Amino acid sequence: MDMWETMENVDLAIFALETNKIGQYFGQLIEQMSPLMAGLQETQLLEVNQTLTAMLAAMEHQDYLLLSDLMRFQLQPFLKSILS
């Protein structure tokens with residue numbers, strides 16, 4: 001499973017209210033992003049870390065809609081921009 005599929009699984013788990021799977025998929029996503037993050041420039045790393053920190057805070061507060069929005073509207077466009 002690649003990180004795009006993992007993000008889709010996070011969203012599916014959120015909207016199916018499978019809260020036990022959200023954390024599992026989020027952890028997989030972080031693991032899948034680790035090799036990519038190693039090659040980022042400092043400004044890019046700061047940007048992605050801010051987004052991931054906000055996503056983690058959303059998880060801690062069980063604000064899963066915010067988690068989904070951060071993933072869709074911040075993380076995914078960022079990843080697309082650095083991978084293109």
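Reader: Hi! Let's start with leucine 70: where is it found?
Author: Hello! Leucine 70 is in helix 4. Keep in mind as we go that this is a predicted model.

Reader: Noted. Is leucine 70 buried or exposed?
Author: Leucine 70 is buried, its relative accessible area being 10%.

Reader: And what is leucine 70 in contact with, leaving aside its neighbours within four places in sequence?
Author: Thr51, Ala54, Met55, Ala58 and Leu75 are its contacts once those neighbours are set aside.

Reader: You mentioned Met55. What is methionine 55 in contact with, again leaving aside neighbours within four places?
Author: Methionine 55 contacts Phe26, Leu67, Leu70, Met71 and Leu75, with neighbours within four places left out.

Reader: How many residues has the largest nonpolar core?
Author: That core has 24 residues. Ile22, Met33, Val48, Met55, Leu67 and Leu75 are the ones with the most contacts inside it.

Reader: Which elements give two or more residues to this core?
Author: Those are helix 1, helix 2 (19-38), helix 3 (42-60) and helix 4. Helix 4 gives the most, with seven residues.

Reader: Val48 was on that list of core residues. Where is valine 48 found?
Author: Valine 48 sits in helix 3. It counts as buried because its relative accessibility is 1%, and the cut-off for buried is under 20%.

Reader: What does valine 48 contact, leaving aside neighbours within four places in sequence?
Author: Its contacts beyond those neighbours are Met33, Met37, Leu40, Leu75 and Phe78. The C-alpha atoms of valine 48 and methionine 37 are separated by 8.4 Å, and the two residues are eleven apart along the chain.

Reader: Let's turn to the helices themselves. At roughly what angle do the axes of helix 2 and helix 3 cross?
Author: They cross at roughly 170°, and the axes come within 12 Å. Angles over 145 degrees count as roughly antiparallel, so helix 2 and helix 3 are roughly antiparallel to each other.

Reader: Which residues meet there, between helix 2 and helix 3?
Author: From helix 2 there are Ile22, Gly23, Phe26, Ile30, Met33 and Met37. Across from them, helix 3 brings Leu45, Val48, Asn49, Leu52, Met55, Leu56 and Met59.

Reader: How many nonpolar, polar and charged residues has the contact of helix 2 with helix 3?
Author: By class, it has eleven nonpolar and two polar residues, and no charged ones.

Reader: Charges next, then. How many salt bridges does the structure hold?
Author: Two. In one of them, aspartate 11 pairs with arginine 72, and the closest N and O atoms are 2.6 Å apart. Aspartate 11 lies in helix 1 (residues 3-15) and arginine 72 in helix 4 (residues 64-83), so this pair ties together parts that are 61 residues apart in sequence.

Reader: What about lysine 21, which residue does it form a salt bridge with?
Author: Lysine 21 forms one with glutamate 18, the closest N and O atoms being 3.9 Å apart. Lysine 21 is partly exposed, with a relative accessible area of 31%, and glutamate 18 is partly exposed with 31% as well.

Reader: Last one: is threonine 6 buried or exposed?
Author: Threonine 6, found in helix 1, counts as buried at 0% relative accessibility. Not counting residues up to four places away in sequence, threonine 6 touches Met1, Tyr25, Gln28, Leu29 and Gln32.

Conventions:
Residues numbered from 1 in each chain as written. Predicted model: local features only at pLDDT ≥ 70, side-chain atom pairs only at ≥ 80, totals over all residues. Heavy atoms only, no water. Salt bridge = Lys/Arg side-chain N within 4 Å of Asp/Glu carboxyl O. Helix = DSSP H or I, 4+ residues; strand = E, 2+ residues; numbered from the N terminus. Buried < 20%, exposed > 50% of the residue type's maximum accessible area, 1.4 Å probe, protein only. Core = buried A, V, L, I, M, F, W, Y, C linked by side-chain atoms within 4.5 Å. Contact = heavy atoms within 4.5 Å. Axes fitted to C-alpha atoms, helices over the stretch in contact; angles between N-to-C directions. Parallel < 35°, antiparallel > 145°, perpendicular 65-115°, else oblique. Nonpolar A, V, L, I, M, F, W, Y, C, P; charged D, E, K, R; others polar.
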